[in-house]
Amino acid sequence: MSTPPSPNAPKNQWRSRLPLGAAALLSAAVLTSCGSASGPVSTEQVAERQPTGEPQSGGIIEYGHLQEPKCVYGGWIQENFTARQILDSLVSLDADGDIVPWLATDWEVSEDQLTWTLDLREDVTFTDGTPVDAEAVAYNFDYWLDGGNGTAAAHLGGFYEEATAVDEHTVEIQLSAPFSPFLSTLSQSYFGIQSPTALENRSEEENCRAPIGSGPFTVQAWESGQYLEFARNEDYNSAPANAKHQGPAHVEGIRWSFIPDNTSRYGSLLSEETDVIGEVPAVNIAEAKERFDFEQYITPGRPVVINLNTEKGVFADQQVRQALSFATDREANIDSAFLGTVPFEPSGYLSQSTPAYDDDAATEYPFDLDRAHELLDEAGWTERAEDGTRLKDGERLEVLFTYGLNTIVTPDGNTAIQNFQEQARAAGFDIQLRPLTPSENSSGAFSGPDAYDAQVGYWTSPHAGILNINYRPGTEEAPNGANTTFLADEGVHETIQQALQAPTSEEVAEHFSDAQHQLSELAPAIGLYTQTNTIAVSDDLSGVWLEESQGSPVFHDAYFVAEESDAEESTEEEG
């Protein structure tokens, strides 16, 4: 991805991407009874990803990351980032939105869209020596759905029936209903393939801290609160088709340091203590564009939104939800909080980089304080307390607003939430902010309908099927913890199911558009900003890129560039 630097700065190339264009709405294989792996990466993409400078073999990449994962592999996006370094997946998502081979070399789907058959590579083993074969892949499908990864289960739950090894290198996946985004779903690292031997014979803690995959690196050490160390897999031979090279990584390893403080993390890059950092602070992005190789990824799926509790409390009233949606100038708020570096997202349901995103549905709640007042008056909140808070039958229009600080919400995002709180006062809302510590956020104590009126969340996904995860009504037999608005609308659910099972891309887009308009009318969520991932890379390191399904940094292709004088000296010696 590196390009020759300008004469004015070491690296001033800024690449901001909205991944997954309309071509990614369905994988090419979904719409035909026999689909095959797509062709080579586009010429433009190859040119963009050509490193510059003389490569050096070896070296340890010093990488500074904002958050520490709970496990190296799991269902949280932070665990997706680390899992990408050690686990191979069945397929990969190209920059053009096409599905390309990885462990699976070819695939086909039956005419009724219920049976997927995947042909696997025949030359891959896990780092513990277990073969990566059809039995191993089938085992992983059952592992995910049996509780091994809640996020993977959320994606496939309700559609997956069973996985069967047809022969040593052919696996068959049986679905209970057509599932149009099947292949793009599998491109996420939540579906990274692990060794069944390790999963069966090692403890849960061992597999949490050092999963066994077939990827370019292995976990060498984990110093909690400090860093993860990854070591090169010397036998690696199974990079995806959109990688920049095949074979083992150029570097010997990665030291993945956890640096939650924004100033310290960016400072580590300036002082050359790190070679690359993630989550570049908004205040430093302008400088990072000039001094480093900077890239920003706009994450598809559900953006960072305010989920409103539709089951209990003040937001059980649709008019009150709509009023809050109109009550604040969210666009100005986000522009101010992030200094114009992160896109405002008006939709509470899909990020603008998600296929089937509907612009009209996204913009149905512009800032309109007069309309907010009208809706609250109609809902009976007509009186005012001395501090301006609206009253109804003596009850204050109070909102308990919870959010995971430094887990779900970054420090810049925290500023946006505080701005939202202040702006909403003009309409008569008294919003009480309750930041949650990482342990509180993961405890489950603040997850039920009695725990909050509003809560911030996001969910990454390369397709609009995320609506099924976030808005499937929960039942006693099948609770849905991902439905954080507690909305139980069968009409919305039915429309989403029609989209997921539609036979053509046009019908998929039409049904997802309908679902977004239905949700917008019900107003269970309020959009704030797009979830993004940014990296800044020093000019000594080339070949780092962000993969397309979720924006994970990829270090398999990265290498250190020899200084020009060293390269010239080497050339003279060879001459």
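In strand β18, R396 is the bridge partner of L391. Strand β17, residues 390-392, is joined to β18 by two bridges, and the two strands run antiparallel. The model is a predicted one.

**Sheet**
- β17 and β18 belong to an open sheet of three strands, ordered β16-β17-β18, with antiparallel pairing.
- The edges are formed by β16 (383-384) and β18 (395-396), each of which pairs on one side only.

**Disulfide**
- The count of disulfides comes to one.
- This disulfide is formed by C71 and C208, whose sulfur atoms are 2.1 Å apart.
- The disulfide is left-handed, because the torsion about the S-S bond of C71 and C208 is about -100°.
- C71 sits in the loop between β3 (60-65) and α2 (77-86), while C208 is in helix α7 (residues 204-209), so the pair ties together parts that lie 137 residues apart in sequence.
- C71 and C208 are both buried.

**Helix α10**
- Helix α10 spans residues 318-327, and eight of its ten residues are buried, so the helix is largely enclosed by the rest of the structure.
- The buried residues are V320, R321, Q322, A323, L324, S325, F326 and A327.
- The elements covering these buried residues include β15 (301-308), α11 (330-337), α13 (369-378), α14 (411-424), α18 (505-522) and β22 (525-529).

Methods. Residues are numbered from 1 along each chain as its sequence is written. This is a predicted model: local features need pLDDT of at least 70, side-chain atom pairs count only at pLDDT 80 or more; totals for chains, interfaces and linings use all residues. Side-chain values use heavy atoms; hydrogens and water are left out. Two strands pair if DSSP finds at least two bridges between them. Helices (H or I, at least four residues) and strands (E, at least two) are DSSP runs, numbered from the N terminus. A disulfide is a pair of cysteine sulfur atoms within 2.5 Å. Buried means under 20% relative accessible area, exposed over 50%, partly exposed in between (1.4 Å probe, protein chains only). Contact means heavy atoms within 4.5 Å.
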